[in-house]
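Subject: Structure handover and notes

Hello,

Please find the structure below, followed by notes on what turned up in it.

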Amino acid sequence: MADAWDAEQIEVVQIDGLVVLKIIKHCKENSHESVTGQLLGLDIGSTLEVTNCFPLPRRSDDEEEDDGDSAAEYQTNMMRHLRTVNVDSNDVGWYISANLGTFLNSNTVIEQYNHQVAISTSVLVVYDPLKVKQGTLALKAYRLTTNFMKWFKGTSRTQESITKAALSFTDIFEEIPIKIHNSSIVNAFLFEIEDSGRIALDYERLDLSIGPYLEKNMELLIEYLDDLSGDQHKFFAYLRNLRWQQSQQATLLEKRSADQARKLAGEEVPEEEDLSQNPAFKTVTSPSRFESLLMTKQVNNYCEQLNQFVGQSFTKLFLLGELSGKRTV
Amino acid sequence: MSHKPFTPTTTLLNTASPYASTNDTSLFLNIGYSASPVSCKVHPMVVFSVLDHYVRREENQPRVIGALLGLNYDGVIEIKNSFPIPHHDIDENHEVVAIDKDFHKNMLELHQRANPSEIIVGWYATGSDVNESSVLIHDFFWREMQLTNQHYPPVHLLVPTELKDQEEMTIRAYVSSPLNLSQASEKPLGVYFQPLQFEFVTFEAERFAVDQLIKHKSEEESQTWELPSDLATLESSIRRLLKLITDVSNYVDNVVAGTTPGDTQIGRHLMETLALILKVDSNTFEKLFNSNLQDLLMTSYLSNITRTQLILSERLLSSNPILLSSINNQPTKENI
């Protein structure tokens, strides 16, 4: 039986202006921590239309026990109420706020996996509230790849299974393009407020200060690299163990076959020890590589962000250079 | 706290007779609350969700209502959120209205779990005028707000959706005050909906998003468009700046040539603006420029190295002979 996620894929995510504003508002108000919310809508063919959303309450640390229940209850209640006012109450995914792109941890992936198992067209929308200072609306839609889903379904998290599945850290999420959509009456309203004199001041993105953003990004990068290298050390220790074990096994087996050959030749041989108790044959557990896979992807994300920012800053810097008449090259 | 003055041209409502009193003929405007809102600020998102609710209404409903949530800063009400409430006009004359109270209570509770700081500040309705049923609904909300110990009356936001002959879609906000026939009578004659000054506010990210939405509002076909990339937005800002500068320089040229009358205020403004440009001597500028450039280059170099390193390490691990052999030789115990 084919897995549910082998069904037809979504090509485009169409988000309503209302949803964009709601996500922005919710993430902005809780910018010190990562918050999540539910997306509602409809999937039509290869387009996923997101028409509404609502924020999920923050999980406080004291309510650990009934956490799962109360969150699910909140969701069902909210969706039931929204249905009475004719809002599409189909769960099509969820959104998460990610400061400077930090959203790849095991909880997120597990949550998305559960979503996708239940509803194959489920997407994760990531909004970065800090990137708006650079003048971009950092809204991205992701989905777990089928490769990753298959691997995740199996319970093994070892490097061996990753190699077997030919999985790379770039294969975890795949991005889906986003389009924004508005109904006509909303368009009318937009015409109205355009005239109300609120000028679109988007000259902040021409700001030349690069220090703070670079610093923050580098800090996060260094932190994650530290974690990653710690994980790598553990893994190398495992590899060393494995190698030692393999060489020990090889010598012991050789010795045993040599003993057997001498036995046949009629010579005295020492007692055969029970090799299965020998530490060389104890199975060394392969450590889980899941976290390190995610960390690798996160570090990669940071690097990409840095590159993007640097590209923009170069443009601005050279523009300024030209304007002041300096020949810099 | 300043109260809005009574202007005789605004709408006066007269509901059914039980409210009329008998003897006195003088009319008093009784602002019966301890405080009244001074102005209100609305986030565009609220209007979006109101319009969305209107678009999704049932077939025979001429209008929809819902509650407004937000914050109250000493008379200035900031409306940040809203949720719809199903309702029916039972009577044709709009004299009886049924509102789902449980729904209202439950939704409010759910909302407050997610946004604990927002409280009810009023209600919205679509349509173009205030009528009798509005009074009843307004009353309901007033009672709800009093339950939460607020001393402010609810704000009523009216969003016109007809757009037939009107040129504009003017959204209006109202506050109500009861109208008494005399100070002695307890039952008010009617309720007077006083318009409230209101404006749109946004925070930075919201403004950017709204700006994006405005720019693409006239896309005809499917009314969808993609989010622009970083470079595209940068380009558009630079173009806009260039246009501004061109306009200003054209204006100045015209004034100098005598074709346009000069305005001293604008001239002074321009002078002040130009004075803001930093005058840096070339050495300092070179140094600043180069150091910035070096920072950027270094960061880009480091990030590229990191990426290459990550990919390399992954490839190496996956082709590590020890691991490969352990994959292939799993059942070592059987060799014993």
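B:Glu118 sits in the loop of chain B between helix H2 (101-114) and strand S7 (119-126); helices (H or I, at least four residues) and strands (E, at least two) are DSSP runs, numbered from the N terminus. With a relative accessibility of 2%, B:Glu118 counts as buried (buried is under 20% relative accessible area, exposed over 50%, partly exposed in between; 1.4 Å probe, protein chains only). Neighbours within four places in sequence aside, B:Glu118 has contacts in both chains: A:Lys25 and A:Glu29, and then B:Leu69, B:Gly70, B:Leu71, B:Lys80, B:Asn81 and B:Gln112. Contact here means heavy atoms within 4.5 Å.

Before the rest, the conventions. The model is predicted, so local features need pLDDT of at least 70 and side-chain atom pairs count only at pLDDT 80 or more, while totals for chains, interfaces and linings use all residues. Residues are numbered from 1 along each chain as its sequence is written, chains are lettered from A and ligands numbered from 1 in the order in which they are written, and side-chain values use heavy atoms, with hydrogens and water left out.

Salt bridges

Over all chains, the structure holds 12 salt bridges, each a side-chain nitrogen of Lys or Arg within 4 Å of a carboxyl oxygen of Asp or Glu. Side chains of opposite charge can pair when their charged atoms come close.

B:Glu118 belongs to a network of salt bridges that also links A:Lys25, A:Glu29 and B:Lys80. B:Lys80 pairs with A:Glu29, with 3.1 Å between the closest N and O atoms. This pair crosses between chains, from strand S4 (residues 76-85) of chain B to helix H1 (residues 17-29) of chain A. B:Lys80 is buried at 11% relative accessible area, whereas A:Glu29 is partly exposed at 27%.

B:Arg307 and A:Glu304 form another salt bridge, the closest N and O atoms being 3.6 Å apart. This pair also runs between chains, from helix H7 (residues 282-318) of chain B to helix H8 (residues 290-323) of chain A. Both partners are partly exposed: B:Arg307 has a relative accessible area of 27% and A:Glu304 one of 37%.

In chain B, B:Asp247 and B:Lys243 form a salt bridge at 3.7 Å, N to O. The two are 4 residues apart in helix H5 (residues 230-257), so about one helical turn separates them. B:Asp247 is partly exposed at 40% and B:Lys243 exposed at 53%.

Surface patch

A:Glu215, A:Glu219, A:Glu223, A:Asp226 and A:Asp227 make up a negative surface patch. Patches take residues with over 30% relative accessible area and no salt bridge, with like charges joined within 9 Å. A:Glu215 lies in helix H7 (residues 211-264) of chain A and is exposed, with a relative accessible area of 53%.

Backbone

Most residues other than glycine have a negative phi. Which value does phi take at A:Asn86? It is positive there, about 65 degrees. A:Asn86 is in the loop between helix H2 (67-84) and strand S4 (91-97) of chain A, and is partly exposed at 30% relative accessibility. A:Leu100, not a glycine either, has a positive phi of about 55 degrees. A:Leu100 is placed in the loop between S4 and helix H3 (106-118) of chain A and counts as buried, at 3% relative accessibility.

Regards

Definitions and conventions:
Patches are made of residues with over 30% relative accessible area and no salt bridge: like charges are joined within 9 Å, nonpolar side chains (Val, Leu, Ile, Met, Phe, Trp, Tyr) within 5 Å. Accessible areas come from the Shrake-Rupley method with a 1.4 Å probe; for residues, only the protein chains shown count as cover. Lys and Arg count as positive and Asp and Glu as negative; His and the chain ends are not counted. The place of a charge is taken as NZ of Lys, CZ of Arg, CG of Asp or CD of Glu.
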